[in-house]
Amino acid sequence: VELTATIQPGIQFGNLNADGIIDAAFMLAEDTGGSGVFVSLIVVYSREEIFQQAPGMMIDDRPVLHSLTIENAVVKLTGLVHGPNDPMVDPTTAFSAEFSLFGDQLVRTRQNSAFNGGVEHLIIIESPLDGEEVSGSFMLKGFMPIGPFENNLALQIVDKLGNELVYEGFMVNAEEMGAPAVFNTSVIVPAVQPGTELLVMLLELSMADGTPIAIDSVRVIVK
């Protein structure tokens with residue numbers, strides 16, 4: 001199978017890991033000769049005076065991308081991707097997503113989605129604050145303008161090496177399906193060394209195909 005890979009126009013430059021050296025983010029389109037053209041976000045960043053590429057993050061088959069920027073060490077991407085019922089030639093799901101380097105991993109730290117021009121699905125974590133120190137357990141508090149299917153999110157906690165330490169269901173409270181939801185739940189801190197930085201993520205996943213609809217995250221430091 002012949003593979004054609006094309007770097008799309010609009011390469012962005014900025015510092016992604018606070019080392020004072022400019023890094024780069026760009027979109028890579030891969031075509032194997034069929035009807036699909038799979039587009040991924042790629043970042044190239046400096047680490048100990050050399051440049052390396054983080055594992056790419058696939059966005060969609062033939063998305064319509066509106067903007068790619070780097071702001072405050074965060075890669076921001078907006079556009080249209082395919083919903084479960086969209087024809088492949090006409091994506092209609094509007095999304096905005098943020099990506100950050102966490103260790104040597106490129107992680108999607110935030111995403112909002114709106115289907116067919118409807119209300120935006122998003123998750124807002126109010127507590128803990130980003131960079132807060134935690135020990136034993138902490139209260140994960142926040143809200144959603146639209147509650148998820150069956151009031152269920154996924155809770156994921158990873159370390160900077162890319163190890164998944166927690167992946168489990170996380171319940172929110174809403175009066176009825178599709179109503180605003182809130183959450184205020186105790187989360188046990190994984191058994192790691194003091195000083196370890198963890199990424200705590202909440203994800204609303206599509207019941208149709210398991211892809212993320214909404215994401216929010218915070219970094220915490222274990223005391």
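**View 1. The burial of Q156 in the predicted model.** In this predicted model, Q156 has a relative accessibility of 15%, and because a residue counts as buried when this value is under 20%, Q156 is classed as buried. The residue belongs to strand β14, which runs over residues 152-159.

**View 2. The surroundings of Q156.** The side chain of Q156 is joined to the side chain of E164 by a polar contact of 2.7 Å. When neighbours within four places in sequence are left aside, the residues in contact with Q156 are E164, V166, Y167, L199, V200, M201 and L203.

View 3. Two or more lining residues come from each of the strands β10, β14, β18 and β19, and the greatest contribution, four residues, is made by β10. Sorted by class, the lining of the second largest pocket consists of twelve nonpolar, five polar and two charged residues.

**View 4. The largest pocket and its lining.** The space in the largest pocket amounts to about 540 Å³, and its lining is made up of 21 residues, with A73, S100, L101, F102 and R219 lying nearest the centre. At least two lining residues are supplied by each of β9 (93-102), β10 (105-115), β18 (197-205) and β19 (212-222), while the largest share, four residues, belongs to β9.

**View 5. The whole protein, as a setting for the close-ups.** The protein is built with 19 strands and zero helices. Its radius of gyration is 18 Å, which is close to the 17 Å given by the globule rule for 223 residues, so the protein is as compact as a globular protein of that length. Taken along the principal axes, a box of roughly 50 × 50 × 30 Å is filled by the C-alpha atoms. Of the 223 residues, 44% count as buried, and Q156, shown in the opening view, also counts as buried. Among the contacts between residues at least 6 apart in sequence, 50% join residues that are at least 24 apart.

Technical notes
Residues are numbered from 1 along each chain as its sequence is written. This is a predicted model: local features need pLDDT of at least 70, side-chain atom pairs count only at pLDDT 80 or more; totals for chains, interfaces and linings use all residues. Side-chain values use heavy atoms; hydrogens and water are left out. Buried means under 20% relative accessible area, exposed over 50%, partly exposed in between (1.4 Å probe, protein chains only). A polar contact is a pair of N or O atoms within 3.5 Å; within protein, one must be able to donate a hydrogen and the other to accept it, and residues adjacent in sequence count only if both atoms are side-chain atoms. Contact means heavy atoms within 4.5 Å. On a 1 Å grid over the protein atoms alone, a cavity is a set of points where a 1.4 Å probe fits but cannot get out, and a pocket is an open set with protein on both sides within 12 Å along at least five of seven lines; lining residues have an atom within 4 Å of a point. Grid points are joined across faces, edges and corners, and a volume is the space filled by probe spheres set on the points. Ala, Val, Leu, Ile, Met, Phe, Trp, Tyr, Cys and Pro count as nonpolar, Asp, Glu, Lys and Arg as charged, and the others, Gly among them, as polar. The radius of gyration is taken over C-alpha atoms; the globule rule is 2.2 Å times the number of residues to the power 0.38.
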